Structure formats: structure tokens, C-alpha cells
Amino acid sequence: MQRYKITAPVKTATGTVAGVALVDGQGDTDNEGALAYFRRHGYKVEEITEVPAPAIEPAPEVPAEPDGGTPEGQGPVLAEPPSRSASKAAWVTYATSEAGGNRFSVEDAEKLTRDQLAEKYLGPKED
């Protein structure tokens with residue numbers, strides 16, 4: 001299915017609009033209903049013609065957990081997660097992307113707080 005890049009009229013817009021996570025005024029979708037909404041409301045909608053494959057870096061060796069399992073998130077690392085203090089929208093976008101391992105649907109990620117999402121990827125906050 002064809003994907004489209006969405007650019008908000010306000011370049012600093014961050015949040016979810018029509019079910020699409022926007023970070024710094026940009027997002028992408030293949031949802032026809034969302035595309036119609038964006039076109040009606042003055043957002044720039046551009047067809048994404050080619051998506052370059054991200055470089056895959058091997059995950060660092062991580063020792064097994066004491067119970068014999070492996071830590072969550074172990075696998076190929078495609079991009080760095082946002083900073084712990086980044087916006088919730090940035091975390092939702094990351095958690096639902098290939099870079100974040102597609103660990104969450106948008107709906108599930110939206111139910112968590114920014115801090116809960118950050119903890120899932122960065123571990124507990126150190127005081």
C-alpha cells in the first residue's frame with residue numbers, strides 16, 4: 001500500500017492528528033481517511049516514492065536475565081530511541097516504528113505515558 005508523508009501547516013506541531021503521530025510537524029500514513037482529512041485542512045500530502053532501507057546494526061551482546069530469559073527489546077538496532085525527555089508523540093512514533101521494533105500498536109502506545117514508554121526502551125530512570 002502506498003504511504004504518504006504529511007507535513008503540518010505548523011512546523012513545530014507534535015501530537016496525534018487523525019490517528020497519525022506527528023513529530024515536529026511531520027508524519028506518514030497510508031490511511032485514506034486520514035489523508036482526506038489532511039488535504040481538507042491544509043496539510044501538505046506527498047507520496048513517498050522510495051523508502052531507503054535502514055542500515056541494520058547488530059545488537060550488542062546482552063547477558064541473560066537471572067531467570068534465564070532475555071531482556072525486552074533485544075534484536076537488531078535500527079535507530080536510537082528518543083531522549084527520555086522527548087515528547088510523548090516522539091515516543092509513540094518510535095514505539096510503533098520499525099526502529100522501535102514495532103513493539104506496540106498506535107492504540108497501545110497511546111495508552112502509556114511518555115515515561116512508561118521511555119522505561120520500556122531505556123530501562124528505569126536513575127535518580
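**Reading a predicted fold, feature by feature**

Modeller: The word "exposed" stands for over 50% relative accessible area, "buried" for under 20%, and "partly exposed" for what lies in between (1.4 Å probe, protein chains only). Before we go on, this is a predicted model, in which local features need pLDDT of at least 70 and side-chain atom pairs count only at pLDDT 80 or more, while totals for chains, interfaces and linings use all residues. Residues are numbered from 1 along each chain as its sequence is written, and side-chain values use heavy atoms, with hydrogens and water left out.

Biologist: Where is the place of Asp 24?

Modeller: Asp 24 sits in the loop between S3 and strand S4 (26–29). Such labels are DSSP runs numbered from the N terminus: helices (H or I) have at least four residues, strands (E) at least two. The backbone of Asp 24 has a positive phi of about 50 degrees, although Asp 24 is not a glycine. Ala 18 also has a positive phi, near 55 degrees, in a residue other than glycine. Ala 18 belongs to the loop between strand S2 (15–17) and strand S3 (20–22), and is partly exposed at 41% relative accessible area.

Biologist: What pattern does the chain follow along the sequence?

Modeller: The pattern reads β-β-β-β-α-β-α-α-α, from four helices and five strands. Of the 127 residues of the chain, 25% count as buried.

Biologist: Which strands make up the open sheet, and in what order?

Modeller: For pairing, DSSP has to find at least two bridges between two strands. Here, an open sheet of three strands has the order S4-S1-S5, with antiparallel pairing. S4 and strand S5 (44–47) are at the edges with a single partner strand each, so one side of each has no neighbour in the sheet. On average, neighbouring strands of this sheet are turned by 25 degrees against each other, direction ignored. For such angles, axes are lines fitted to C-alpha atoms, for helices over the stretch in contact, and angles between N-to-C directions run from 0 to 180 degrees.

Biologist: Which helix packs on the sheet?

Modeller: That is helix H1 (residues 32–40), which touches S1, S4 and S5 and whose direction makes about 35 degrees with that of S1. Contact here means heavy atoms within 4.5 Å.

Biologist: How many bridges join S1 to S4?

Modeller: Four bridges join strand S1 (residues 4–7) to S4, and the two run antiparallel. Thr 7 lies in strand S1 and stands opposite Gln 26 in S4. Thr 7 counts as buried, at 7% relative accessibility. Leaving out residues up to four places away in sequence, Thr 7 touches Gly 25, Gln 26, Tyr 43, Lys 44 and Glu 46.

Biologist: Tyr 43 is an aromatic residue, so to speak; how should I read a ring pair?

Modeller: A pair of aromatic rings is described by the distance of the centres and the angle of the planes. Rings of Phe, Tyr and Trp (its six-membered ring) pair if their centres lie within 6.5 Å; planes under 30 degrees apart count as stacked, over 60 as edge-to-face, and the rest as tilted. This rule gives six aromatic pairs. In the pair of Tyr 37 and Tyr 43, the ring centres are 6.4 Å apart and the planes at 45 degrees, so this pair is tilted. Tyr 37 is partly exposed at 27% relative accessibility, whereas Tyr 43 is buried at 16%. Tyr 37, Phe 38 and Tyr 43 form one aromatic cluster.

Biologist: Which residues form the largest nonpolar core?

Modeller: A nonpolar core is a set of buried Ala, Val, Leu, Ile, Met, Phe, Trp, Tyr and Cys residues joined through side-chain atoms within 4.5 Å. The largest one has 12 residues, among them Trp 91, Tyr 94, Phe 104, Leu 112 and Tyr 121. Helix H2 (88–95) and helix H4 (114–122) each supply at least two residues of this core, and H2 gives the most, with five. A second, separate core of 10 residues includes Tyr 4, Leu 22, Leu 35 and Phe 38.

Biologist: Is H2 mostly covered or mostly open?

Modeller: H2 is mostly covered, with six of its eight residues buried. They include Ala 89, Trp 91 and Val 92. The buried residues of H2 pack against S2, S3, helix H3 (106–111) and H4.
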